[in-house]
Amino acid sequence: MCLAIPMKVIAIKGFNATCEAKGVSREVSLHLVQGLEVKVGDYVMVHVGYALQVITYDDAQVTWEMLDQVIAYDA
Amino acid sequence: MYSVESLLRDIKNTSLSKPFRILNVCGGHERAITRAGFRTLFQHNIHLIPGPGCPVCICPEEDIAYAIHLAINENVVIVSFGDMLRVPVEHEMGGCSSLIDAKNQGADIRPISSPQEAVSIALEEPRKVIVFFAVGFETTMAPIAATLLNDLPNNFKVLLSGRLTWPAVAHVLESQPNTFDALIAPGHVATIMGSEEWQFAIDHHNLPVSIAGFHPESLLLSLQTLLGNCSNKVVTLSNRYPEVVKQNGNAAAKAIINKAFTIVDAHWRGIGVIPGSGFSFASRLSHLDATNDYAPVDFPSQCAQNVPETTSPCEKVILGKMAPDACPFFGQECKPASPKGACMVSDEGACRIWYSSGERSITNVIKKGNTLKVEMK
Ligand code: SF4
Ligand code: SF4
């Protein structure tokens, strides 16, 4: 239920960011990462519309590979 | 740098006088473990036991029944995360044994994927009362807290059924002493709350703890560390998901949770009442509480009280006392399409995961994984 997925930050407006992953973009709230510096181009772990943590590109990649397997495997 | 192969070799070659019993308490971990086939691969020296790892599975029946009641008798719109709609309750409410049943009979019940979506529905339907049936562990309660602290429309109410993870783990460890040798702690809960929250298992239960991420390497690193603890007779807290989990978690998120909620004793399906394990509204948000506006319903069971131990198979699975496939209903009367228990409904329920996986082999993971290296921090 609370899988967090990595997304790339495309644009930031106040506490709202447009994030993208696998060609899908989504509005994501930055409320919960307000203590951290988030910039356009950064990667964040997103859960139910909120960024929970800032991560590196490599970590995002690893998680995406894992999720791809989960999706392929559940289909 | 550690490669998957060397980790696998290391773990397989660790010989112990008896199998090392590791409890995991996260549906995401259970899924990764099952999918990778670690259980089969390490069966000679490690027993991997799923415990209370999913907020949907442990949501008490009386809360679901109350949500059904509000939807059919009070004419409100119930919105909740999709999995909650299919969870069966044993004691039917108005002839309905799940929210989806009530929906099929005409009640207005809608699945959502974020708390913000719940608010949008309230804004779109100003003449209706929208009740957000809010279920989740800390990971989900932080976003919910942030949403509830915003300006909200007057027709937006909340039925709160959030839970904290660690008190349930403490309960399992206390009620079943000497049953587990180590604990894999949930990565996304620790993202919010910090790795330090799990120190209690070391201090009070002398149990090594490792925080794991969700890819096989991270889990293997955790297994290796825990086994190493056993061989070296030490008990440590290790963080094998350091890229996301910090020692004290996400400070902003914790502050938001504390602003929105207070901590209360709470009932867990299959477990009973666990002290200090539930979220309730802080006084600044008490006007959102749907239970203020609608009378309670009589729920005919022991559910509202402390039920320390019962005989339902799901409860044994939730407590880590029985493997899913040992349930007589598993794959027979109980399947994802026609679930008999909550653990077969949720994507993170142990029964659902085991049913959807069948026998898995490690080879796929190695093929994928051997290009990846994990750095020890
Ligand atoms: S990610 Fe969080 S809610 Fe989901 S199974 Fe793991 S601990 Fe539970
Ligand atoms: S198989 Fe079904 S009935 Fe048996 S423990 Fe799992 S969810 Fe419960």
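Reader: Start with the two chains. How many residues of chain B are in contact with chain A?
Author: 37 residues of chain B are in contact with 28 residues of chain A. Contact here means that the C-beta atoms of two residues, placed from the backbone, lie within 7 Å.

Reader: Which helices of chain B supply residues to that side?
Author: α2 (27-36), α6 (115-124), α7 (138-148), α9 (187-193) and α12 (251-260) of chain B each supply at least two residues. α7(B) gives the most, with 5 residues. Helices are DSSP runs of H or I with at least four residues, strands are E runs of at least two, and both are numbered from the N terminus.

Reader: And by class, what is on that side of chain B?
Author: The side of chain B that touches chain A has 17 nonpolar, 13 polar and 7 charged residues. Nonpolar covers Ala, Val, Leu, Ile, Met, Phe, Trp, Tyr, Cys and Pro; charged covers Asp, Glu, Lys and Arg; the others, Gly among them, count as polar.

Reader: Before I go on, what sort of model is it?
Author: This is a predicted model: local features need pLDDT of at least 70, side-chain atom pairs count only at pLDDT 80 or more, and totals for chains, interfaces and linings use all residues. Residues are numbered from 1 along each chain as its sequence is written, while chains are lettered from A and ligands numbered from 1 in the order in which they are written.

Reader: Ligand 2, then. Which residues come nearest?
Author: C314(B), C327(B), C334(B), G341(B) and C351(B) come nearest, out of 13 residues around ligand 2. A residue is near if its C-beta atom, placed from the backbone, lies within 6 Å of the molecule.

Reader: Which helix gives the most to that shell?
Author: Helix α14 (residues 313-318) of chain B, with 3 residues. The shell around ligand 2 divides into 11 nonpolar, 1 polar and 1 charged residue.

Reader: Now the sheet in chain B. What is the strand order?
Author: The order is β4-β3-β5-β6 (chain B), an open sheet of 4 strands with parallel pairing. Strands pair if DSSP finds at least two bridges between them.

Reader: Which strands stand at the edges?
Author: β4 (109-112) and β6 (156-162) of chain B. Each has a single partner strand, so one side of each is left without a neighbour in the sheet. Neighbouring strands are turned by 25° against each other on average, direction ignored. For angles in general, axes are lines fitted to C-alpha atoms, for helices over the stretch in contact, and values run from 0 to 180 degrees between N-to-C directions.

Reader: How many bridges join β5(B) to β6(B)?
Author: 7 bridges join β5 (residues 130-136) of chain B to β6(B). I130(B) stands opposite F156(B) in β6(B).

Reader: What packs on the sheet?
Author: Helix α4 (residues 61-73) of chain B does, touching β3 (77-81), β4, β5 and β6 of chain B. The direction of α4(B) makes about 160° with that of β6(B). α7(B) packs there too, touching β5 and β6 of chain B, and its direction makes about 150° with that of β5(B).

Reader: Switching to chain A. How do β1(A) and β2(A) pair?
Author: Strand β1 (residues 5-13) of chain A pairs with β2(A) in the antiparallel sense, over 5 bridges. V9(A) has C19(A) as its bridge partner, and I12(A) has A17(A). β1(A) also pairs with β4(A), antiparallel, over 4 bridges.

Reader: And β2(A) with β3(A)? How many bridges?
Author: 6 bridges, running antiparallel. The hairpin of β2(A) and β3(A) has 2 residues between the strands, and K22(A) there takes a positive phi near 50°.

Reader: Is K22(A) buried or exposed?
Author: K22(A) is exposed, with 11 other C-beta atoms within 10 Å. The cut-offs on that count are 20 or more for buried, 12 or fewer for exposed and partly exposed in between, with C-beta atoms placed from the backbone.

Reader: What about V48(A), buried or exposed?
Author: V48(A) is buried, with 24 other C-beta atoms within 10 Å. V48(A) has a positive phi of about 35° although it is not a glycine, and lies in the loop between β4 (43-47) and β5 (50-55) of chain A.
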